[in-house]
Amino acid sequence: MKSESVQVEGYTTLPLQLPTTPLFPYPATHYLYLRPHEPRIPDPDSTRSLFLVNVPIDTTEAHLRHLFGTQLAAGRVERVQFEDVQTKKRAAATTTETNLTHSKKKRKRVTADDYERYLDDINLPSIWDRKLQKSGAHAVVIFADKPSMETSLKAASKASKRGTTIIWGDGLPTDRIPALGLNRYVAHERMQYPDRGALLRTVNEFMTTFTQVSEARKREDHKRLAVPDEDGFVTVSHGPKLNSVAREEEMRELVEKQKKKAEGLEDFYRFQSREKRKERQNQLLRRFDEDKKKLAEIKARKGKIRVSFSLSLVRLVFGSGADFLYSLNDLVHDSMAFWVSFFAGRIKGSRWCPMYM
Amino acid sequence: MSDHTSKRRKLSPSPENAAISSSTKQTSNVTEKRNPTRGKDERSAELAMASGFYKSSFFKLQMDELLEGLRPNYSKQVSKVQETLHQIKTAIEGLPETSPQSVPDAEKELRASGLVVPWPEPRPSKDVKYSMAYAKPANINVVGSFALKTGARTLESRPIDLAITMPSSLFQEKDYVNFRYFHKRAYYIACVAAGIQDTANTLGFDIKFGPQDGDSLRPHILLEPRQAESSGPTIRILTAIDPMLFPVTRTLPLKSNIRQASNNSEIGEPTSYYNASLRSDATVSLYHKSIYSASKKCSSFSDACILGRTWLQQRGFHTPFQNGGFGGFEWTVLLSLLFEGGGPAGQPVLLPSYSCYQIFKATIQFLAGRDLTTPLFFGQEVPVPSGVPVVFDGRRGLNILYKMTPWSYATLRHEAAVTLKMLNESREDNFDKVFILKVDEPALRFDRLISFPKSFNGDTLRALHEQNALYNVLSRALGDRVKLVSIVSRAVDSWSVKSKQPKRSSQGVSVGLLLNAENVGRIVDHGPAAEEKEESASFQAFWGEKSELRRFKDGSILESLVWSDESDTSIIYQILEYILQRHFKITTDEFAFVGDEYDELLKKHGDDILAYSSPAFQSIDDAFKDLERSIRSMDEVPLEVRHLAPASSLLRYTSLRPTGATDVVLQFESSSRWPDDFAAIQMTKVAFLLKIGDSLKSSGAASSCRVGLENESSKVINNAYLEIPHSSGVLFRLRIHHEREQTLLERNLKDRNLSPREREEAAYALFAYKKTFVQTPRLTQALRSLCTRFPLLSPTIRLTKQWFNSHLFTAQISDELIELLVIRTFTQPNPWECPSSVMTGFLRTLHSLSRWDWQQEPFIVDLGGDLTPQVTENIRTRFTAWRSIDPAMNSLAFFVASDIDTEGVTWTQYEMPSKVVAARTSSLAKAAVSLLRSKTHDMDVSELFDTSLAPYDFVIHLRPKLFSGSSAPKFKNLAEPRAGMMQTIKSFVCDVQACYSQSILLFHGDDRCAVITGLWNPQTLKSRPWNLKTAYSTAPGDTNGEVVINQTAILNEIARLGNGLIENIEVRAEE
C-alpha cells in the first residue's frame, strides 16, 4: 500500500494492524515511527536505544518487548522509557536502589541523599492496573545491546517494505497484561480504595524514612557547621530550625501588624487630609478620563450606542457585526464556522447581530 | 478664540482620543472645529460630576452617545418631505364641498370612488336624523413630535402627523352624544381619503385607514410609502376640532354621553373613555402649543422626551390603550404639565434648568412615588372615576391618562419603581438596563402567561369593557397569589380604504402574572365568615359551587376554597380553569397557559424534587449535622478540629438529583508539627484519614470507612480522601484541608530553580487547592443562605443544570459555574425584579448568558452582598490582566468572579470550558432566546432541551444495559448494583479526553445520557509536515514527508478502551 513511504523525515514507518473490535468493525492500521535514539546529551544507554514516535495509547512495556522480541523476532528489550515518566529521577533511582539496600546492611552511615532517593520510591498504591499513553506520544526502547537495536530497526524496515502484517499485541499472553475496557475501570474503582493495612504500611515506611532523612540532614548540617571555614570561623546556630514555612507565616503576620499600627495616625495632621482630598479629586478626574476611554473602546467594538430599529430587538449594536465573533478563531479548535452553520437554521435570518434584546 | 481655549488645546489628551471623537462626526477640518466643543464637553462633565447632574460620568457619556444617535435630523427630513406635505395639503384644500345628505346617500357616493366609510362601532343606522357633509377644513397643520422635535430617531413608527381641523359648521350642538360626532368625523375622513387618493398614488403612497392611537372610534388616514426601502416616513392624517366646539363640561370623565343601550354598558353609566376620546380631538392644537412653549422654555426638554420615549418603548408602553395607554405623547404632555405643578403643595416637579437626565429621573420618581389613582388636578377639580390614574388637565378638560387601565398603571408604576432603584444604585451604572435592554419580553417579565387567542379583542369600547371584566375576575380570583396582573393586546391593524373596518384585532389578548412566591402554593383560601352575610353572598356569587363553608381549628366558620396539591396541574391553573369557565364560559381549549411546564420538567428530570426544603435535601443536611457532631467528638485524633465545611452541591441544594458522594472538608487547628514536604503532607493526611475512619467506626457513626486515592499523577495535589457511608445512607467524602500547602505551593511557583514543568504543576496544584479547599466551601456556605433567601434559586439552578446536561456540556462546564450564572439572575435582577418562578429565573439566566460578551466582559456575581465598586474595579483589573496574558483565551474563556472570589478563574480555568465550547454555550443561549421570542405563547419547553447530534463528527453510543437500572434506587442504604456507573463513564471520558486532548473534543451529558459525542479538531484534519510534537496518532500522507491524522486508528483505540461500555461508534459521513 504505502510501501514507498517507508521513511518519513529519517524515521522508519512501521504499520501495525490494530486488533479488530466489533464495536468499531473497520480495519485500522496504526503507524509507528522509529529511529536510533540520538538525544542532545547522549547517555551510555542511547547507543543501544530506539526512539519511537506515535506509540498506541494502550502501549505497555510488554507490548514492545513482544513486538521486537517475538513479532519482529529481532532484539531483546531491556526496558522502556515512556514519555510521561521523568527519566532522570527514574534512572537515578534504579542506580541507587541496590546501593541503598546494600549499604543499609553494611554501613551505618547513609547520606541524607541516599535516604531521599529511597523516599522517592515509596508511593501510595497505584489506582490503575494499566496506564495509558497519550496519542502520538514517544518512547525510548533500550535494548540489551547495540546489535539488538540495529537488527530490530532493520527488521522493522523490512517488515514495512514487504508489507508484513503485524497485529498489535497479537499473541501476547492475556494474563500478562490487564485488559482494557470495563474491566479496567472496575479494577480502578477497586484499586482506588486500597487495603487499610497496605496503606498503613506505606505511610509508616514513608514517615520513618522521612524522619531519617531529616535527621541525617540535620546531622550533616551540624557537622558542616562545626568545621571551621577558610577564615577559621565556626558558625554558631541556635536550637532546632523551625520549618521555614511557619516562619514565613509568622513574618507575614508581623508585617501586617506593623502596617496596621502605621495606619492609626492617618488624619492626624491637617496636610494629610488636604492631600487626601486632592488625591480624591485627581482620582475623579482620572476616572472620568478612563470612562471616556472605556466608551471609546466600546464604540470601537460595538459601534455606536443606540437602540435598535426593529420592533422587538434592541441592544448595543455591533459595529463590525458578525465577523467579530468569527475572527478570533485563529488557534486550536477552530470550529466556529461549523457552529454558525449549525445554528443558522435555528437563528434563521437574524444570525448574530439582532439576536439581542 | 480666547487664551483659554488655546490652553485647553494643549491640555487636551492624546491624538487617539481626537481620532475617536472625529469619527463621530465627519467634519473635514476636525481639529479646528472640534476642540472648542470638546473643551465645553469636558467642562460640563466636570461640572456635572461636581453637582450631581448625572448618575455618573460614564452614565452621562453613554447617554450623550445615545441621544446623539436618537436625535432625528429634522432639517434633512423637513427638506425631504416638505414638498410632499405641500402637495397633500393643496389636494385637501382643493376638495369640493358636499351638501348635507343622508347616511345611505353618503355611503353610496363614496362607494362610487371605491371607498368604504370607516364607521366606528356601532355604525349609524340608515334612518338617523342627522346628515353627513363635507366642507373645507378650517386649518391644516403639521403637529406632533415631528413638528415639535420631540421624537426619537429609532423608534419603530415615527410618522408625521398632519392635523385637519374640521370646520365647526358641520356639527350641531348635541353632536357629542351617541357617536354622532364620531360618525360625522368618519365620513369626513372618508371624504378626505377619497379626495387625495390620486395624489397619494402619484406621490408613491399606499392609502389606508387605521385606528388613531388604537382607538377604533377615531379612524385616521395612513399614507405609507409603497416601497419599504424608500425610507420616507409614514404620514398620518388626523382630525381636530375647535376647542370650543363642545363645552368642556359635557365631556368631563363622569358624564354619560351614550344614551342608547348597547351590550357594553347601561344607559346613564359614565362614558369616560368616549368623552376623553372626543375631547382629545378638541385639544390637538392646545397641546401642540403647550408642548411647544415647554420645549422653548427648557433646553433639555426634547432630549428628556427622547429618553422617556426610549424608556417606555423598551417596556412595551405605547399610546394605544391596548399597549398601556402611555406613550411618547403622554410622556411629553406629562412633562409639560410637571413644569407647572404636580409636586407637594402644587410646586412644580420639574424646573427648566434641569438637565435631561434630571428631568427623566424626576419624572420616573414622580411616576413611582405619586399614586395617581388619587387624582392629580391641574386647574379646577372635577369629579373623576376611582381606581384609575387621573392627571386632569383642567384648562383643556382632559385626563391625560384616560387611556390607562388599572393594570397598565400598576405595570407602569412597577417599572418606574424598578428603574428608580436602578438609577439610585451606586454599584453599577445600569445604563444598559434602563435604556438599551428590551424588557417587555413576556416570558422574561412575567411568571405565568395566559393567552386568549379569540376573546376580549373587539373594538375599543368593547375590548376595554371586556378586559376590565377579565381583570376584575382574575385579580379577585388570584388575590394575593399574584403581585401583578397585566393585560396586553393589539389594536386592530390598519386596513385598506376599500374594505370595512375589521371587527376584531387579528391578535388575541395575553395576560402576564407576577406571582407572589410565598402564597402561590396555598391550598386553602379563607373567605369571609359565615356571619358576614353580605360578603358571604358576594363570595358565593363569585365562586359558585367551589365555595364551601368550613370550620377551622380556631373555631371560626369561614367560606373557603380548597385546591388540590396532588393534582397534575398547578393551583394557579386550577383556579383559572374554574373561574374562566364560570365567568366567561372559556374552556381550557380556548386559552393557553405558559409557565408550569418548567416546574414539570424539573420534576421529571430531578427526581420529583422542586424545593430546596424537600425531604431529600433535608436528610442530607441532617446527616451532615450528625457527621459534624461525630467528628467533633473524636478523641483519638491528636489535633483539634477547627471546622468541618460542607463542600458539595448536595449540601447547597443545587444538585439536580440528590445522589452521589457528598464532599466535605475538614480543617484542623493549625499545628507546627506538619512536615514541609509535599509527599510527606499527603502521607500525613492518609494517616489522619485512617485514624478518623477508625474513630468514626468505633463511635458507631459509620459502619465502615475507607480511604480512597485520587490524583495519582501528582504529589502536590490532594491524594486521598475518606469515604464515610453515613448510617442514613448518605455517602460522604472527607478531605483534609491543610492551609500550609498554599504557602508551599506559592513558594514553589516563585522558585526559579524548579523546571517550568514543575512550576506549571505547582500552579495547577494551587488552582486545585483553592478550588477544593477554599472556594467550594465558601460557595457552598454562600449558596446555603441564598437558597433560603430566594426559595426559587435552588430549582432554577437545577433546571439550568439540566439544560447544560441536555446539551452535553457536563464534561466541559462545571456545576459551580452554572450556579454562579443563575445566582446573578437573583441577586442582580435588574432590569426586572427578583424572579418569582422557575420559568423567569431560567429564561433570564439564558438571556443574560446570551447577552454576555464573554470575550470582552467579566461576569460579576454578587454572592455575599459585598460587591462594592472597589471590588468590581478590582475584578475588572484582574480580567484585563488575564486577557492580556492569554489573549487567545487558550486557558481561560469565561471569567466569572464574585465578591467572595475576586480571582474569577476558579471554575473556568484550564479550559472549563474551552473557547469553542464557550462560544457554543453562548450561541445555544442565543438560539434559545430567539426561539422564545418567536413563539412566546406556543413554545414547547422541551424544544429548549433538545439537542441535535447532527453537528458532531462521531457519536459513541453507550450500552443501553448500563442504563436499565439507572432510575433512582428506592432505598438509599441498599447499594446500587452499579453505583459507580456515572463515575465509570466519567473516567472513560476523562481518559479519552486526556489521550486525545489535541485532536478530539468530547461532549457528554449526565448519568442518563446514553451518548458521548465527539468532534475532530478541524486544525488536525489537514495533512501537515511530520513533526515530533504532533500530539495525535498519524499516518503517512500522500505527499512525501507529510502525515495525516489517523482517525480510524484513533476510533479503534477508543473502542477498545471502552470495551464493555460502548455499544458502537457511529461515524458521521462528511457532507
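A residue is called buried when its relative accessible area is under 20%, exposed when that value is over 50%, and partly exposed in between, using a 1.4 Å probe and protein chains only. By this criterion five of the five residues of strand S27 of chain B are buried, so S27(B) is largely enclosed by the rest of the structure. The model is a predicted one, in which local features need pLDDT of at least 70 and side-chain atom pairs count only at pLDDT 80 or more, whereas totals for chains, interfaces and linings use all residues. Residues are numbered from 1 along each chain as its sequence is written, chains are lettered from A and ligands numbered from 1 in the order in which they are written, and side-chain values use heavy atoms, with hydrogens and water left out.

Two strands are taken to pair if DSSP finds at least two bridges between them; S27(B) and S28(B) pair in the antiparallel sense over five bridges, and a hairpin joins them through six residues. Within this pairing, Ile1000(B) stands opposite Trp1016(B) in S28(B).

Helix H31 of chain B, residues 981-995, contains 15 residues and reaches 21 Å from its first C-alpha to its last. This is close to the 21 Å expected at 1.5 Å a residue, where the expected span is 1.5 Å times one less than the number of residues. Among the buried residues of H31(B) are Met981(B), Ile985(B), Phe988(B), Val992(B) and Cys995(B).

Elsewhere in chain B, an open sheet of five strands runs in the order S19-S20-S23-S22-S21, with mixed pairing. Strands S19 (641-646) and S21 (706-709) of chain B stand at the edges, each with a single partner strand, so one side of each is left without a neighbour in the sheet. The twist averages 30 degrees from one strand to the next, where axes are lines fitted to C-alpha atoms, for helices over the stretch in contact, and angles run from 0 to 180 degrees between N-to-C directions. Strands S20 (residues 662-668) and S23 (residues 731-737) of chain B pair in the parallel sense over six bridges, and Val664(B) stands opposite Leu734(B) in S23(B). Helix H22 (residues 678-699) of chain B packs on this sheet, touching S20, S21, S22 (720-725) and S23 of chain B, and its direction makes about 10 degrees with that of S22(B).

Thr780(B) has its place in helix H24, residues 756-789, and counts as buried at 0% relative accessibility. Residues up to four places away in sequence being left out, Thr780(B) touches Pro646(B), Ala647(B), Ser648(B), Leu651(B) and Arg652(B). Ala200(B), in helix H8 (residues 180-202), is likewise buried, at 2% relative accessibility. Leaving aside neighbours within four places in sequence, Ala200(B) is in contact with Phe205(B), Leu223(B) and Arg226(B), while Ala200(B) and Gln87(B), 113 residues apart in sequence, are 9.1 Å apart in space, C-alpha to C-alpha.

Chain A has ten helices and six strands, and buried residues make up 40% of its 357 residues. Among its contacts between residues at least 6 apart in sequence, 65% join residues at least 24 apart. Ser46(A) lies in the loop between strands S3 (29-36) and S4 (49-53) of chain A and, at 5% relative accessibility, counts as buried. Not counting residues up to four places away in sequence, Ser46(A) touches His37(A) and Pro39(A). Arg219(A), found in helix H6 (residues 196-226) of chain A, counts as partly exposed at 41% relative accessibility. Arg219(A) and Thr111(A) are 108 residues apart in sequence and 9.8 Å apart in space, C-alpha to C-alpha.

Methods
Helix = DSSP H or I, 4+ residues; strand = E, 2+ residues; numbered from the N terminus. Contact = heavy atoms within 4.5 Å.
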